[in-house]
Amino acid sequence: MASKPETRAHVLIIGAGPVGMMCASKLSHAGIKTTVVESDKFIPPIPKALTYTAPVLADLKKLGVLEEVQKISFADEHAIWQWRTLGGELLADMHWSLLEDHADPRLVKPYTLQCGQHLLAEVLTEYCGRFPSTEVLFDHALVGLTQDASQVTAQVSRSGGEPFEIKADWVIGADGGKSATRKFIDQSLEGFTWNESFVAMNVHFPFPKYGWGAANFLIGGKEWAVAGRSGPLTDPWRVAFGVEVGLTDEQVMKDIAPDRLKRILPGPDPYEIVQCSQYRVHQRQVQQYKVGRVVLAGDAAHLNNPIGGFGLTTGMTDAGCISDALILVIRGEAPEEFLQKACDVRREIFATVSNPGSQKFKAMVQQDPDNICAEDREFFEKLKNDAEFHRSALTGVMRLYTPVEDLMGK
């Protein structure tokens with residue numbers, strides 16, 4: 001796909017993770033001068049959310065990078081997600097291949113991708129490298145930000161050194177849950193924090209030998225778990241579970257992980273833990289995604305627990321919608337109010353879909369496996385016996401997708 005002629009506008013993006021780099025990729029492709037600053041020296045390969053569902057694939061295809069991303073991902077249009085009890089009972093399958101004959105041109109095969117955030121960010125950073133008007137600055141932290149009616153001035157520090165100024169017409173804050181951008185525009189994440197920590201491990205174990213799908217939700221009360229592929233076939237699998245707050249990583253590895261993995265893993269085969277991290281989980285959102293010439297996207301604007309893949313897909317679709325709206329505003333093809341509309345729509349999507357949806361998935365896996373509620377039993381039975389309901393459950397992720405074309409007539 002050919003890029004568009006350059007404009008004089010300059011957009012500064014804070015954060016070079018996948019959300020920030022999706023914004024940068026779209027703006028670069030549109031011929032808009034783009035600078036990305038990232039406080040880390042590189043995007044660390046720590047275990048984080050890794051599932052991208054169908055709406056994200058649509059934007060990756062538009063950019064022309066979907067094939068490259070598939071190479072670093074587990075990408076199978078016949079992938080199966082499974083609901084199980086911790087004791088091993090298979091409750092239901094979710095077959096993505098059922099979408100093959102679904103007449104929605106926005107659905108892009110292979111429907112889901114599973115890969116590390118750092119790897120997707122690398123692909124998008126390389127894509128941005130094709131454009132001479134785009135610059136990505138690692139080890140550069142945002143330390144100050146002011147704006148007026150026509151311009152934003154950012155104070156940026158390299159390696160903790162003397163700050164310098166970057167002036168831009170617009171700023172996109174995609175700098176995660178601890179966003180500096182959010183602080184400088186006086187926004188705060190409102191909501192609550194769960195009274196538990198999540199542990200995410202990359203583990204080598206022969207899950208396919210036991211018939212496990214690409215993603216597996218294990219209902220187990222306090223001993224719930226999620227397990228799934230983290231990348232191509234030779235990559236380790238991701239295993240996640242909850243622990244009490246306040247444990248050190250050493251305590252988790254020594255005192256918690258061996259017993260929990262013994263209960264989670266479906267067989268006695270040896271396993272190898274490659275990486276382990278833990279983090280607090282939240283259900284929070286800012287009041288305003290747009291303040292003047294600064295907009296927020298992804299975890300800078302909202303946080304939710306990762307069960308079900310809502311957070312990462314929502315962040316990436318934030319990036320797609322907000323960037324496309326900003327491009328139209330910069331080109332003079334839409335008024336600034338259109339960017340506000342896009343931000344408002346994205347806020348509504350999180351409030352009405354992602355936030356409650358992720359809480360529902362969390363409640364499902366954390367219920368007593370011997371006393372699963374009637375509503376969820378009915379859900380599993382319909383997945384097994386009603387093909388139309390099954391397709392509807394899969395295509396539900398498209399509610400997260402808000403391409404600007406859909407907003408033009410609203």
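**Notebook: a serine and its helix**

I began with the contacts of Ser28, leaving aside residues up to four places away in sequence, and found that Ser28 touches Thr34, Cys128, Phe131 and Thr134. I am reminding myself that this is a predicted model.

Next I looked up where Ser28 sits: this residue belongs to helix H1, which covers residues 18–29. Is Ser28 buried or exposed? Its relative accessibility is 1%, and buried means under 20%, so Ser28 counts as buried.

I then checked the side chain for polar partners. A polar atom of the Ser28 side chain lies 2.7 Å from the backbone oxygen of Ala24.

From the residue I moved on to its helix. How do H1 and helix H7 pack? I noted an angle of about 30° and axes 9 Å apart, with H7 made up of residues 310–330. Angles under 35 degrees count as roughly parallel, so H1 is roughly parallel to H7. I also jotted down the handedness: H1 and H7 make a right-handed crossing.

Which residues meet there? On the H1 side I listed Pro18, Val19, Met22, Cys23, Lys26 and Leu27. Their counterparts in H7 are Gly315, Met316, Ala319, Gly320, Ser323, Asp324, Leu326 and Ile327.

Last, I turned to the annotation. An unreviewed UniProt entry lists residues 9–350 as "domain: FAD-binding". Over residues 9–350 I read off 28% helix and 32% strand, and the end C-alpha atoms are 29 Å apart.

Definitions and conventions: Residues are numbered from 1 along each chain as its sequence is written. This is a predicted model: local features need pLDDT of at least 70, side-chain atom pairs count only at pLDDT 80 or more; totals for chains, interfaces and linings use all residues. Side-chain values use heavy atoms; hydrogens and water are left out. UniProt positions are given in the numbering used here, feature names are shortened, and annotations may be inferred rather than shown by experiment. Helices (H or I, at least four residues) and strands (E, at least two) are DSSP runs, numbered from the N terminus. Buried means under 20% relative accessible area, exposed over 50%, partly exposed in between (1.4 Å probe, protein chains only). A polar contact is a pair of N or O atoms within 3.5 Å; within protein, one must be able to donate a hydrogen and the other to accept it, and residues adjacent in sequence count only if both atoms are side-chain atoms. Contact means heavy atoms within 4.5 Å. Axes are lines fitted to C-alpha atoms, for helices over the stretch in contact, and angles run from 0 to 180 degrees between N-to-C directions. Angles under 35 degrees count as roughly parallel, over 145 as roughly antiparallel, 65 to 115 as roughly perpendicular and the rest as oblique. A crossing is left-handed if the near helix is turned anticlockwise from the far one by less than a right angle, and right-handed if clockwise.
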